[in-house]
Amino acid sequence: AFQENEIKLLTAEIDRLKNFGCLGISPSLEGLRDENAKLKYRLNFLQKSLQEERSKTAKSMININSRLQEIFGAAIRAAYPDLENPPLVVTPSQQPKFGDYQCNSAMGITQILLKTKEQKVSPREIAEKITKNIPANECIEKVEIAGPGFINVHLRKDFVSKQLSSLLINGVQPPAVGKRKKVVVDFSSPNIAKEMHVGHLRSTIIGESMCRLFEFAGYDVLRLNHLGDWGTQFGMLIAHLQDKFPDYLTVSPPIGDLQAFYKESKRRFDTEEEFKKRAYQCVVLLQSKNPDFIKAWELICDVSRKEFQKIYNCLDITLIERGESFYHEMMKDIVKEFEDKGFVQVDDGRKIVFVPGFPVPLTIMKSDGGYTYDTSDLAALKHRLCEEKADILIYVVDSGQSVHLQTVFAAGQMIGWYDPKVTRVAHAAFGVVLGEDKKKFKTRSGDTVRLIDLLEEGLKRAMDKLKDKERDKVVLTEEELKAAQTSVAFGCIKYADLSHNRLNDYVFSFDKMLDDRGNTAAYLLYAFTRIRAIARLANIDEQMLRKAAREEVLILDHEKEWKLGKCILRFPEILQKILEDLLLHTLCDYLYELATTFTEFYDNCYCVEKDRQSGQIVKVNMWRLLLCEATATVMAKGFDILGIKPVQRM
């Protein structure tokens with residue numbers, strides 16, 4: 001709308017300049033021509049970008065809820081032009097008898113009129129006034145007022161059919177999001193020299209899925225791995241490396257088990273006074289960038305990186321490493337900036353910063369002149385806001401860090417690095433992983449569960465499950481069996497996490513996550529392969545489906561066809577909700593609802609009709625096969641956002 005308006009203004013301005021030129025009243029004809037040329041260039045640019053935007057929008061899936069909000073928003077403004085920010089509540093109906101969507105704004109408007117204007121008007125009367133002002137639109141068949149003032153909305157079947165056809169022709173295209181914003185997501189973040197354990201699982205899986213969602217929605221996403229790769233612990237690690245592998249500068253040390261190496265160095269640090277002194281000296285030499293000590297540090301980091309990458313490869317995780325060491329040189333400037341602005345207090349030699357509303361101060365410099373996690377987190381925050389120019393910044397970190405992160409965010413706001421009305425800085429907190437005894441997930445010996453062991457156990461159990469169902473005997477080739485094993489194992493581990501509200505703790509259970517009944521990845525993956533097989537078994541290939549999508553009208557006369565069609569088209573509004581609240585379990589719930597709605601449809605509506613005696617195909621109901629294809633297309637995109645890889649045969 002803005003571009004169309006600007007085009008009108010520019011066209012009028014060009015006409016005005018032409019008239020001036022013709023009348024000969026311009027003091028400088030050359031100047032007029034230059035201005036005219038610039039305006040024409042701007043006009044051409046705007047017209048081209050508007051065409052591109054329209055083309056993109058035409059292919060995008062429509063968020064029906066948002067479209068209805070626009071329609072009812074216009075109706076409410078027309079009915080009550082004096083009301084400021086009237087409530088706008090549009091939700092999908094829970095029962096078919098109440099239509100497809102409901103507008104429940106009348107009750108809220110009643111309260112506002114009573115409070116602000118002392119007018120007592122019944123919600124039903126308000127609902128009637130709203131419905132009389134609904135503008136002409138492409139999607140509403142009829143509205144009905146029910147009960148005290150609920151407005152039940154019935155969608156037009158030709159509108160739903162057209163949207164499904166667009167989905168089949170153009171694929172799952174995200175709704176337009178306007179200006180392309182930059183999103184920085186901080187997730188995974190293990191510590192060097194320590195193995196990734198089950199505690200890292202949630203941050204890694206949730207963060208990856210969030211990145212995939214924002215990328216699909218058209219944002220510019222930077223995925224950051226804030227590794228713990230700097231600090232005093234490297235002093236003891238380097239000192240131990242020098243003792244154990246004195247020729248480490250010329251011969252790469254064969255550190256097989258870095259976790260054991262860390263424990264050995266920690267034991268020596270705690271029990272040997274001489275070793276402890278040398279460890280502190282090593283920290284000083286490392287921080288002063290002594291080449292030999294930098295080399296030792298890099299060797300230790302490389303061993304860890306290789307171990308981390310094995311896990312990232314298994315789970316199909318993509319990250320850019322930017323650990324604490326990246327921000328080390330920025331920390332002295334952070335301290336100076338807080339000092340210059342008068343926020344620093346000195347407490348027993350420490351430099352601290354009190355943030356209003358938070359009882360515990362940030363320590364930005366220790367009494368020995370060293371920096372802290374607070375300093376590095378502030379440096380990271382500033383770099384992401386001021387250098388990376390993030391519009392949205394998300395930290396996928398456990399709930400235990402909530403107070404710390406909120407304090408850091410508030411400090412960044414206090415010093416002027418960002419305005420929360422303009423830039424969104426969010427902590428996507430999550431609970432802990434529990435064992436089946438409802439206690440923190442540990443091994444039998446009480447140790448933290450290594451993440452690599454967990455993934456290997458998942459692979460073993462997935463294969464056992466497939467063999468129990470005798471998929472290895474007749475159904476699948478060896479290659480297909482291996483693909484199914486990986487898909488089920490890692491898909492189930494991811495889905496078990498993502499299908500729970502991230503704010504809550506969740507119980508890790510292989511038996512539950514591998515169950516092919518209920519809201520599990522195993523059930524959804526099996527459902528997906530069955531849907532994909534329907535057209536294949538009817539000898540309908542992709543080319544035939546594409547042709548049918550362009551030519552066939554999707555008939556939605558059966559109640560189960562109608563229910564499935566509407567469910568498929570709710571996908572954009574589900575994604576929009578998650579972009580706002582960052583709760584991915586909503587997508588899992590939707591995919592499960594879509595799969596069960598499809599089962600209802602398939603049980604009641606014949607897609608392929610066969611002769612009962614011979615089993616020969618008698619009739620193919622192509623519009624129903626297209627509904628199958630639309631369901632599978634949306635499920636595939638949902639899986640992709642969750643980081644789950646389905647297979648064609650299972």
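Let's start in the loop between α4 (106–116) and α5 (123–132), where Glu-118 sits. Keep in mind that this is a predicted model. Glu-118 is not a glycine, yet its phi is positive, about 55°. For background, most residues other than glycine have a negative phi. Is Glu-118 buried or exposed? Exposed, with a relative accessible area of 70%.

Next loop. Lys-289 lies between α10 (273–287) and α11 (291–315). Lys-289 also has a positive phi, about 65°, and again the residue is not a glycine. Its relative accessibility is 41%, so Lys-289 counts as partly exposed.

Now a helix pair. At what angle do α19 and α23 pack? About 45°, with the axes 10 Å apart. That is helix α19, residues 521–537, against helix α23, residues 585–604. The two are therefore oblique to each other. Their crossing is left-handed.

Who touches whom? From α19 we have Tyr-523, Leu-524, Ala-527, Ile-531 and Ile-534. They meet a set in α23 that includes Leu-591, Tyr-592, Phe-598 and Tyr-602. By class, the contact residues split into ten nonpolar, two polar and no charged.

The nearest cysteine sulfur belongs to Cys-607, 7.4 Å away. The cut-off for a disulfide is 2.5 Å between sulfurs, so Cys-605 is in no disulfide. Cys-605 is buried, at 1% relative accessibility. Cys-492 is buried too, with a relative accessible area of 1%.

Definitions and conventions: Residues numbered from 1 in each chain as written. Predicted model: local features only at pLDDT ≥ 70, side-chain atom pairs only at ≥ 80, totals over all residues. Heavy atoms only, no water. Axes fitted to C-alpha atoms, helices over the stretch in contact; angles between N-to-C directions. Helix = DSSP H or I, 4+ residues; strand = E, 2+ residues; numbered from the N terminus. Parallel < 35°, antiparallel > 145°, perpendicular 65-115°, else oblique. Left-handed = near helix turned anticlockwise from the far one by under 90°. Contact = heavy atoms within 4.5 Å. Nonpolar A, V, L, I, M, F, W, Y, C, P; charged D, E, K, R; others polar. Buried < 20%, exposed > 50% of the residue type's maximum accessible area, 1.4 Å probe, protein only.
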